[in-house]
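Work through the exercises below with the model open. Each task is followed by a stepwise solution.

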Amino acid sequence: MPELAEVEVTRRQLLPLLGLTVACAEKLSDKNLRLPLGKGDLGRLSGARLDAIDRRGKYLIWHFLGADGVPLEMVVHLGMSGKTLLDAADASPHDHLRWHWSQGATLTYRDVRRFGFVAVGDVGLGTEMTATMGPEPWDETWAAQVAAKAKKGSRSVKALLMDQSVAAGLGNIYVCEALFATGIHPETPAYKLKNKQIEALHEAVQGVLERAIAAGGSSIQDFKAAHGSPGYFQLELKVYGRAGEGCPACGEEIRAIKQQGRTTFFCARCQR
DNA sequence: TTTTTCACCTGCGCGC
DNA sequence: TGCGCGCAGGTGAAAA
Ligand SMILES: [Zn+2]
């Protein structure tokens with residue numbers, strides 16, 4: 001579910017945990033997440049103080065000072081249906097992990113489809129896990145880096161932007177929205193893009209993500225951020241999920257096609 | 001090598 | 001009402 005915007009909203013809602021210490025962390029389910037948690041991984045967090053939560057693409061990187069004085073990191077990826085709940089108001093069979101913090105706060109990791117994961121390791125784990133990731137949306141060299149990758153190969157601009165090693169954090173929703181905003185047909189071979197179009201894509205990506213973050217993310221089905229507050233950006237989506245509706249710019253019927261197994265929504269009149 | 005397809009997993013909505 | 005099918009924010013291994 002979560003793309004960069006939802007992960008960033010989640011990160012900001014977790015910041016009140018900074019400075020707190022983990023009393024204990026426990027598994028609530030027998031089922032493994034995408035990456036199985038190693039034996040003793042959760043135990044390493046006992047007594048650890050949380051000093052920072054960073055985001056890289058769709059990954060959250062938590063920096064702790066361990067009880068033994070050795071720094072450690074926890075990496076969280078929400079997959080398609082992962083959520084973090086502060087002081088969860090209810091319980092679910094899909095609650096997999098829970099952290100109990102000093103001062104009584106609890107954090108729950110809930111993930112119906114279990115495509116997400118939580119990993120614990122030494123300093124550098126987060127950097128390792130995101131080593132091949134492309135530039136962040138607010139990197140001023142984004143367009144240059146994307147243009148360099150666009151020129152190689154034959155893939156469509158949709159496939160290009162969905163590739164995390166090309167541009168960090170984009171997913172199906174915001175790629176569809178950015179392509180609509182720039183009037184670029186999603187099946188356009190990436191090598192045909194003019195530099196000016198890639199610069200326009202950069203602007204569009206930044207704009208759509210900034211507005212989505214300000215709105216609390218997009219709740220397509222049941223996305224709730226850390227406090228359980230829904231995101232309202234789905235109300236502002238121009239094409240994603242709107243097949244059959246009229247294009248907000250020209251009225252043409254919005255179409256849905258399949259690319260790389262994912263549905264792409266676009267306006268065939270506005271996007272060429 | 002690059003690109004596409006498939007598998008991972010659960011729940012929901014739709015058509016019959 | 002019930003069942004089968006297709007679909008969903010992502011990723012990476014396997015296949016092409
Ligand atoms: Zn249009």
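**Exercise 1.** Find the handedness with which α3 passes α6.

Solution. Step 1: α3 crosses α6 in a right-handed sense; a crossing is right-handed if the near helix is turned clockwise from the far one by less than a right angle, left-handed if anticlockwise. Step 2: α3 spans residues 142–151 and α6 residues 195–214. Their axes lie 9 Å apart, at an angle of about 130 degrees. Step 3: That angle makes α3 oblique to α6 (under 35 degrees is roughly parallel, over 145 roughly antiparallel, 65 to 115 roughly perpendicular, the rest oblique).

This is a predicted model; local features need pLDDT of at least 70, and side-chain atom pairs count only at pLDDT 80 or more. Residues are numbered from 1 along each chain as its sequence is written.

**Exercise 2.** List residues that meet between α3 and α6.

Solution. Step 1: On α3, take Trp-142, Ala-143, Val-146, Ala-147, Ala-150 and Lys-151. Step 2: On α6, they meet Asn-195, Ile-198, Glu-199, Leu-201, His-202 and Val-205 (contact means heavy atoms within 4.5 Å). Step 3: Sort by class: 8 nonpolar, 2 polar and 2 charged residues.

**Exercise 3.** Work out the strand order of the open sheet.

Solution. Step 1: The 4 strands run β1-β6-β7-β5, with antiparallel pairing (two strands pair if DSSP finds at least two bridges between them). Step 2: The edges are β1 (22–27) and β5 (82–86), each pairing on one side only. Step 3: β5 joins β7 (residues 106–111) through 5 bridges. Step 4: Leu-86 has Leu-107 in β7 as its bridge partner.

Notes
Chains are lettered from A and ligands numbered from 1 in the order in which they are written. Side-chain values use heavy atoms; hydrogens and water are left out. Axes are lines fitted to C-alpha atoms, for helices over the stretch in contact, and angles run from 0 to 180 degrees between N-to-C directions. Helices (H or I, at least four residues) and strands (E, at least two) are DSSP runs, numbered from the N terminus. Ala, Val, Leu, Ile, Met, Phe, Trp, Tyr, Cys and Pro count as nonpolar, Asp, Glu, Lys and Arg as charged, and the others, Gly among them, as polar.
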